[in-house]
Amino acid sequence: MRRLAARGAAGDAGEVAAPATDSTDCAQGRSPRPRRLIDLCAIWDPGAFLPAASWESAPGITRRRLNEAETLSSVREAQLERLEAARPRRPGSRERGPVLRMARQQPPPWVHAAVLLCLLCLSGAIEIPMDLSQPPTITKQSVKDHIVDPRDNILIECEAKGNPAPSFHWTRNSRYFNIAKDPRVSMRRRSGTLVIDFRSGGRPEEYEGEYQCFARNKYGTALSNRIRLQVSKSPLWPKENLDPVVVQEGAPLTLQCNPPPGLPSPVIFWMSSSMEPITQDKRVSQGHNGDLYFSNVMLQDMQTDYSCNARFHFTHTIQQKNAFTLKVLTNNPYNDSSLRNHPDMYSARGVAERTPSFMYPQGTASSQMVLRGMDLLLECIASGVPTPDIAWYKKGGDLPSDKAKFENFNKALRITNVSEEDSGEYFCLASNKMGSTRHTISVRVKAAPYWLDEPKNLILAPGEDGRLVCRANGNPKPTVQWMINGEPLQSAPPNPNREVAGDTIIFRDTQISSRAVYQCNTSNEHGYLLANAFVSVLDVPPRMLSPRNQLIRVILYNRTRLDCPFFGSPIPTLRWFKNGQGSNLDGGNYHVYENGSLEIKMIRKEDQGIYTCVATNILGKAENQVRLEVKDPTRIFRMPEDQVAKRGTTVQLECRVKHDPSLKLTVSWLKDDEPLYIGNRMKREDDSLTIFGVAERDQGSYTCVASTELDQDLAKAYLTVLGRPDRPRDLELTDLAERSVRLTWIPGDDNNSPITDYVVQFEEDQFQPGVWHDHSKFPGSVNSAVLQLSPYVNYQFRVIAINEVGSSHPSLPSERYRTSGAPPESNPADVKGEGTRKNNMEITWTPMNATSAFGPNLRYIVKWRRRETRESWNNVTVWGSRYVVGQTPVYVPYEIRVQAENDFGKGPEPDTVIGYSGEDLPSAPRRFRVRQPNLETINLEWDHPEHPNGILIGYTLKYLAFNGTKLGKQIVENFSPNQTKFTMQRADPVSRYRFTLSARTQVGSGEAVTEESPAPPNEAYTNNQADIATQGWFIGLMCAIALLVLILLIVCFIKRSRGGKYPVREKKDVPLGPEDPKEEDGSFDYSDEDNKPLQGSQTSLDGTIKQQESDDSLVDYGEGGEGQFNEDGSFIGQYTVKKDKEETEGNESSEATSPVNAIYSLA
């Protein structure tokens, strides 16, 4: 009778999420929730045990049901018969006693698919509970080819488990390795790992060899692989002196590297002796063997040297070979860079063109062998002029597109993970315009052994049948060797219950004494495989392997499975019950698998409850309970939407979620399926993600992940960022002409915003090296343009792409192209003549740039002369951009000419420009007039200066108000040069104003003119009288005037009282004329008219007496001057009698001249 020894592994303690999924690829480990993997892997085919929740469990342990002994009781036999009827037998089992044969039931196909996935996702053999006896199992070991760093201690790993715990020993080169005799060698505790310590000295090379680990306990011995220990080597490059390599231009060349043999092989790369990488292309490239191949040598290849470098992995060192130098023989020694991209470059340099020929591999055919599962690398390197192109083909079929890729500028074909169908004939075709040639490579695929059916651990019960199968394939066909506990099976004691049939060992009526570890070694000339599989014989009552009273929470409407992992031998039967009901759960929405797992096809709310599983065999019974809770699903009801955003804007992605309130919700975001780092430009809220200042790096897919402990929901949106375009690349100059060239480029990525324009810039290395100038602009639809060029410019071009978002970074510059020279075709612009001082004139101009110089030694012929004269031209040659003419008159116009000249000749006749010598300060404005039409405004008028001495730039007016001694704030007004009038609004009707006006040129303000406004007629008098009436001198003056008036009145009064006539004849020697009737008697008669005011006198506006025509004034009585007053107001003058110029008369000559004496004499 057959049975299973165990089923199901223990689930996690506590809450277990158990929503089942459809077929999950557990081999790839991509499920975010391991529970789903466990659910799938809990399904097995009849008779095979696959654990439900043990990640350390092994695939496909085969258990055969027991052929129960005839001595079993009838009750036990009946139980076994019922078990046999319920579970089909496997082939090869043997019946004993009254056991019925049952027809084998075939499981559905999807069950086998699930079993296959479980085999992929589980590793190692099934774990028998460690408290049960079991043979050793190797759990960890070093790789077969174990290369170590000589600077470190050596570590050879070997770990195993078993009950009892195994002991370890090693062999070296198939002989026992006595660890105790070597003080450098030790074994880790509770492990078989070897440690070889070199801290106290020793050479690692002494320990190279083949090692094998043996793990042993009383039930058997397990073996590790044969581990080949090698010490890494990085030998030095042999010293050699390399002569220069002489080669004709256009000929092929191979520079051999020949690196020293290292372990592992070093990585080869070529650099110059100054550590600059060698630029490789389809003409110059490195082969897989490390050599550097030149399909044809060009003169430019002499510009550097070539050194082969080897980098060793373990020592992290780089060794450099002595550098090769090239000497290229050429028919055209001038290395014109403009010919590099010439469409017929080789003929332009005088290099003969020739058909392709192969440099590697040589000849027309070769063969290559590759092992199955490795990478196939085919290489063809050809010479020829022009450089040939390489194409690859497979005879009788196509290249495997999913595995084939081209490398090294199409010179190499790599096919990954080679299989037998990749064998055949491949050929490479090298072609140029002169012809083509081909090379055929015959590929043979061999194979080291690989498993078809790897032996599995076999757990049997006493009296049970079973088998170990070891099937492998390879090319050539591998041989199979069986061993038991590390010894050849042929040398083991004979066992009547064991039969070897090629790659299979058959066990019949197995007993407990049959426990052992069997090794299967399959090998051919390309390698070997070694597998351990133990045979264990157990008799165990049922036991539950999972925690008791487990809580499982599941999502509504999902499919789920309740596991009840158990172990027992013979295999127990398992039944399920819900909420203590007596009926077994099977059928309808429930399905019980042979491993005992209960599947609920679609969870409903009413499925919530307590489920009990009961395992029974002839040795006893065990049970466990599982409580099932049903939760609402997590759903995103408002998902993020695809968006297109410009760089620098703000984007918001929504994600609103519904979930079961008893579960904790977590909302996270992924970008391009990786966790999103929330930086300072991002803000994550419960229902949205906001990105501020969107940048190009923000473009990608954004996934909102709403998850609870049990489930999750995803929603994805794509953010497209309109960014600046990538830089154009691969600039090429063609169609080289004397005044034009064609520039071609490859556009860069437009970053989601179409390219609208291309800007071509140039740089020249003579006038402004390193400075780039715009040359021309082209539509975004073109990638080739003809550029018009100027003479004698060493051009270098670059291209900038423009789209709606902005400009790309400039492309890498093109090669240089120089045009021939010519005389200038233009003269400098912006010619000016301006004075910097009043006696000079500075002539300046904008210097011509590189594109208008047209030749070397650009200079300028400067001419000048005074305008409107017949003077001859003055001239001078200038190399800069300015010239100063000295000793010039002030502000005089000049005629100026500036002509360009280079070594090829002069430019065209220049235009005449009018300039002026330096300016000076202007003279004062003329006829400055101040008028006051009313009490509210004052009008100012003036004329332009007589001598402006330059260009007038304006007038400056300064004025202030004053009232007696009180002065107001000065105000400044600036006027344009054409303004000659100004009207001012008075601030008050009493104050007067003082105005100062000057004209301005560039030099500054000139001579100023000052005027005051007239005083108002009434207000000024009253105001002045009120102002000076309080002054002491004014009071004294008034008193003196009053006294004089009084004296005059008294004198006149006395005269009138005496008769009113004076003899006057004696006073004059001129007789009276007959026309004067009043002097007939020689006397003067005073009349009433004498008391009238003098005619011609008037009172002035300021209160003073103004003399006009009267001879009888106080002034006439002074001696040669006007009367004056002291500071206290006293009168300091004297009245004098006005005399004739020649004589005086009689008694009047003796009269006192003072006023007092005059009064006494008159009296």
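**Notebook: disulfides in the predicted model**

I began with the link of Cys-380 and Cys-428, which is left-handed, with -75° about the S-S bond. I note that the model is predicted: local features need pLDDT of at least 70, side-chain atom pairs count only at pLDDT 80 or more, and totals for chains, interfaces and linings use all residues. Residues are numbered from 1 along each chain as its sequence is written, and side-chain values use heavy atoms, with hydrogens and water left out.

I took a disulfide as a pair of cysteine sulfur atoms within 2.5 Å. By this rule I count 6 disulfides. With the bonded cysteines numbered in sequence order, I read the pairing as 1-2, 3-4, 5-6, 7-8, 9-10, 11-12.

**Cys-380 and Cys-428**

I find the sulfur atoms of Cys-380 and Cys-428 1.9 Å apart. Cys-380 sits in the loop between β27 (376-379) and β28 (381-385), and Cys-428 in strand β32 (residues 424-432), 48 residues apart; strands are DSSP runs of E, at least two residues, numbered from the N terminus. Cys-380 and Cys-428 are buried (under 20% relative accessible area, 1.4 Å probe, protein chains only).

**Cys-257 and Cys-308**

I find Cys-257 joined to Cys-308, S to S 1.9 Å. The pair links distant parts of the chain, 51 residues apart: Cys-257 in the loop between β18 (253-255) and β19 (267-271), Cys-308 in strand β22 (residues 307-312). The S-S torsion is about -70°, so this disulfide is left-handed. Cys-257 is buried at 0%, and Cys-308 is buried at 0%.

**Cys-470 and Cys-520**

I find Cys-470 joined to Cys-520, S to S 1.7 Å. Both Cys-470 and Cys-520 are buried.

Terms used: Helix = DSSP H or I, 4+ residues; strand = E, 2+ residues; numbered from the N terminus. Buried < 20%, exposed > 50% of the residue type's maximum accessible area, 1.4 Å probe, protein only.
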